[in-house]
Amino acid sequence: MTELASKLDDVTQRFAAAVDRANDEQALESVRVAYLGRNGEVTAVRRAIGALPPGERPEAGRVINDAVAAMERRLQAAHGELESRAFDAELAASIDVTFPSIRRPAGSIHPVRRIIEESCAYFVRHGFAVVVGPEAEPDYYTFDALNIPSDHPAREGFDSFWISDTLLLRPHTSPMQIRTMQQHRPPIAIVAPGKCFRRDAVDARHLFQFHQVEGLLVAEGINFGHLKGMLTGLCRELFGAQQNVRFRPSYFPFTEPSAEVDTTCPKCKGTGLLGSQSCNMCGGSAWIELGGAGMVHPSVLTEVGYDPDRYSGWAFGFGVERLGLTRYEVDDIRRFTKSDPNFLAQLS
Ligand SMILES: [Zn+2]
């Protein structure tokens with residue numbers, strides 16, 4: 001028994017060393033066959049049991065079986081190690097974790113949408129509500145209620161798309177002024193962004209479908225100074241902190257007095273000059289036209305049931321694409337309508 005145990009000890013030690021040396025599956029299989037195979041070293045030890053006295057044989061068999069079980073566990077563990085080493089090697093060969101990832105291009109907000117959002121956000125900060133309305137309107141909201149009756153020559157200025165005798169695609173966002181004032185008592189403070197439509201020939205400065213941002217404030221004691229303050233703030237929001245605003249006398253049927261609104265040219269900073277050259281954005285005038293504004297006409301207030309002796313208000317309407325021309329220094333308004341990803345990416 002002692003002799004058998006020392007033989008077994010010798011076999012298991014050599015087995016362990018051989019397993020450690022085996023660095024692939026084939027080598028490991030050779031070790032298994034050499035030690036645990038039918039004619040392997042363990043079988044030779046097992047044969048020696050027959051030479052033992054019968055009383056010692058069961059104990060010898062148990063010791064050998066335990067040793068075999070331990071050797072098989074050792075083989076199993078060696079298989080696992082080889083597999084995981086092979087996987088690591090494959091990973092190292094196929095994946096470079098330091099390689100930059102693929103950049104997935106994300107879309108960006110369209111410049112027209114961004115100007116609308118920034119303008120609305122500015123007015124919302126000042127307590128205004130954003131309202132949106134129908135793009136096809138009866139002529140009552142579009143013209144009559146805005147002090148432009150059917151025989152008024154100003155209707156000619158709005159070259160409109162008529163759907164029927166009384167329904168048209170709105171040529172301005174001003175119908176929302178009437179709709180809001182008819183539904184609410186003063187004070188009213190709204191900003192109304194949206195699409196507008198006019199039968200204009202399309203060129204570098206005109207589109208037949210464009211966007212407006214319109215504002216209306218009606219309360220007691222409102223005057224032109226409030227309007228100028230709010231529009232100066234809007235221009236500074238959109239174009240930069242140095243912007244100023246000026247009013248030029250004008251005429252609109254729905255405001256009195258009325259004004260065209262200009263802001264200082266952001267490109268030449270209101271100097272009209274770029275170096276020694278005349279500024280190409282403002283043509284050297286130092287000012288950029290933004291749109292119309294004025295104090296709400298008393299007839300409009302009367303139409304919606306407000307007392308013009310008690311309430312006053314201002315309104316303005318700016319073309320969003322026109323704001324975009326100035327803000328992004330774009331030379332042709334039609335570029336905003338083409339989904340050119342290179343152009344849009346430049347402005348984002
Ligand atoms: Zn300029």
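Predicted model: local features only at pLDDT ≥ 70, side-chain atom pairs only at ≥ 80, totals over all residues.
**Exercise 1. Work out which residues of H10 are buried, and what covers them.**

*Solution.* Start with the helix itself, then look at what lies over it.

Step 1: the buried residues of H10 are Val320, Glu321, Arg322, Leu323, Gly324 and Thr326.

Step 2: the cover includes helices H5 (111-125) and H8 (224-239), along with strands E5 (209-219), E10 (287-296) and E11 (312-319).

Step 3: step off the end of the helix. Just after H10 comes Glu329, with a positive phi of about 55°.

**Exercise 2. Describe how H5 packs on H10.**

*Solution.* Two packed helices are described by the angle between their axes and the distance between the axes.

Step 1: get the geometry. For H5 and H10 the angle is about 100° and the axes are 9 Å apart. Angles of 65 to 115 degrees count as roughly perpendicular, so H5 is roughly perpendicular to H10.

Step 2: name the residues. Pro111, Val112, Ile115 and Ile116 come from H5, and they meet Val320, Glu321, Leu323, Gly324, Arg327 and Tyr328 of H10.

**Exercise 3. Now do the H1-H2 pair: what are the angle and the axis distance?**

Step 1: H1 (residues 2-21) and H2 (residues 25-36) pack at about 170°, with 10 Å between their axes. Since angles over 145 degrees count as roughly antiparallel, H1 is roughly antiparallel to H2.

Step 2: on the H1 side you'll find Val11, Phe15, Ala18 and Val19, which meet Leu28, Val31 and Tyr35 of H2. The tally for this contact is seven nonpolar residues, no polar and no charged.

Step 3: zoom out to the domains. The protein is divided into domain 1 (2-94) and domain 2 (111-347). The C-alpha centres of the two domains lie 90 Å apart.

**Exercise 4. Trace the seven-stranded sheet: in what order do the strands come?**

*Solution.* Go strand by strand.

Step 1: the order is E1-E4-E5-E11-E10-E7-E6, in an open sheet with mixed pairing. E1 (129-130) and E6 (245-252) stand at the edges with a single partner strand each, so one side of each has no neighbour in the sheet.

Step 2: E1 runs parallel to E4 and is joined to it by two bridges; Val130 has Val191 of E4 as its bridge partner. Helix H7 (residues 175-183) packs on the sheet, touching E4, E5 and E11, and its direction makes about 145° with that of E4.

Step 3: move on to E5. E4 (residues 188-197) and E5 run antiparallel, joined by ten bridges, and Ile188 is partnered with Val218 in E5. Eight of the eleven residues of E5 are buried.

Step 4: cross to E11. Eight bridges pair E5 with E11 in the antiparallel sense. Here Val218 partners Gly313, while Gln212 stands opposite Gly319.

Step 5: carry on to E10. E10 and E11 are also antiparallel, with five bridges, and Met295 stands opposite Trp314.

**Exercise 5. How many of the eight residues of E11 are buried, and which way do they point?**

Step 1: eight of the eight are buried, so E11 is largely enclosed by the rest of the structure.

Step 2: Ser312, Trp314, Phe316 and Phe318 point one way, and Gly313, Ala315, Gly317 and Gly319 point the other way.

How values were computed:
Residues numbered from 1 in each chain as written. Buried ≥ 20, exposed ≤ 12 C-beta atoms within 10 Å, placed from the backbone. Helix = DSSP H or I, 4+ residues; strand = E, 2+ residues; numbered from the N terminus. Contact = placed C-beta atoms within 7 Å. Domains from an automatic or database assignment. Axes fitted to C-alpha atoms, helices over the stretch in contact; angles between N-to-C directions. Parallel < 35°, antiparallel > 145°, perpendicular 65-115°, else oblique. Nonpolar A, V, L, I, M, F, W, Y, C, P; charged D, E, K, R; others polar. Pairing = 2+ DSSP bridges.
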